[in-house]
Amino acid sequence: VTDTKAGSKPTVTFNIKDKDGKTIDPKDFNSLSLVMAGPTTDYAKYWSESLVISATISTKAKAADGGNYTYTFDNAIPADAKGSFAMAMQGYINTSIKKADGSAVLGTDGKTPLVVRDVGYNPVLYFGVTDAKAVARRPVVDRADCNKCHHDIGNPSGLSIHGGSRMNPDFCVFCHNPNMTDEAQRPADKGT
């Protein structure tokens, strides 16, 4: 992440690979977003920007050297920001399931091809805004502890959060933080 001073619009350089190490082009994603949050002392705000332009699956990311891509945020880091911030990515590709002979596996209606979401893990990167060296947010929980009960966070057979596109507890706290509650939507007579 570059251009990380207060008031700047950060640029993220990234590379997405499949399990075999082959680069995946961002335009192949049905959903792909970068999410910035800060400060890491206790997240107060987050900004999510989609890299997918439309249903025709195009991307706002620009190709760079070595299979990398770049994206510059539309939102700037607040002018009064201090400390460190964090950046994460989430996304998925809708994939039609095929039989060994190449024909489509059909859904429960017997007519429509079965489509599943192929989801990537959410990397989190910390960067300094005023800190000379980035300071990570304190760990809240280990994913392995979540999975003791929930089988596999993000997997439909486990705890499928937000359509399965969020698997990293260090990413979950970007939004699920002390400053972001359901208070505005919660009926007043139900209490906290």
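How many aromatic pairs does the structure hold, and what can be said about the pair of Trp 47 and Phe 85?

Modeller: This is a predicted model, in which local features need pLDDT of at least 70 and side-chain atom pairs count only at pLDDT 80 or more, while totals for chains, interfaces and linings use all residues. Residues are numbered from 1 along each chain as its sequence is written, and side-chain values use heavy atoms, with hydrogens and water left out. The structure holds six aromatic pairs, where rings of Phe, Tyr and Trp (its six-membered ring) pair if their centres lie within 6.5 Å, and planes under 30 degrees apart count as stacked, over 60 as edge-to-face and the rest as tilted. The ring centres of Trp 47 and Phe 85 are 6.2 Å apart and their planes lie at 20°, so this pair is stacked. It links distant parts of the chain, since Trp 47 belongs to strand E3 (residues 45-50) and Phe 85 to strand E6 (residues 84-96), 38 residues apart; strands here are DSSP runs of at least two residues, numbered from the N terminus. Both Trp 47 and Phe 85 are buried, that is, under 20% relative accessible area with a 1.4 Å probe, protein chains only. Phe 85 also pairs with Phe 127, with ring centres 6.3 Å apart and planes at 40°, so that pair is tilted. Here too distant parts of the chain are linked, with Phe 127 in strand E8 (residues 124-128), 42 residues from Phe 85, and both of these residues are buried. Elsewhere, Tyr 43, Phe 171 and Phe 174 form one aromatic cluster.

How values were computed: Helix = DSSP H or I, 4+ residues; strand = E, 2+ residues; numbered from the N terminus. Buried < 20%, exposed > 50% of the residue type's maximum accessible area, 1.4 Å probe, protein only.
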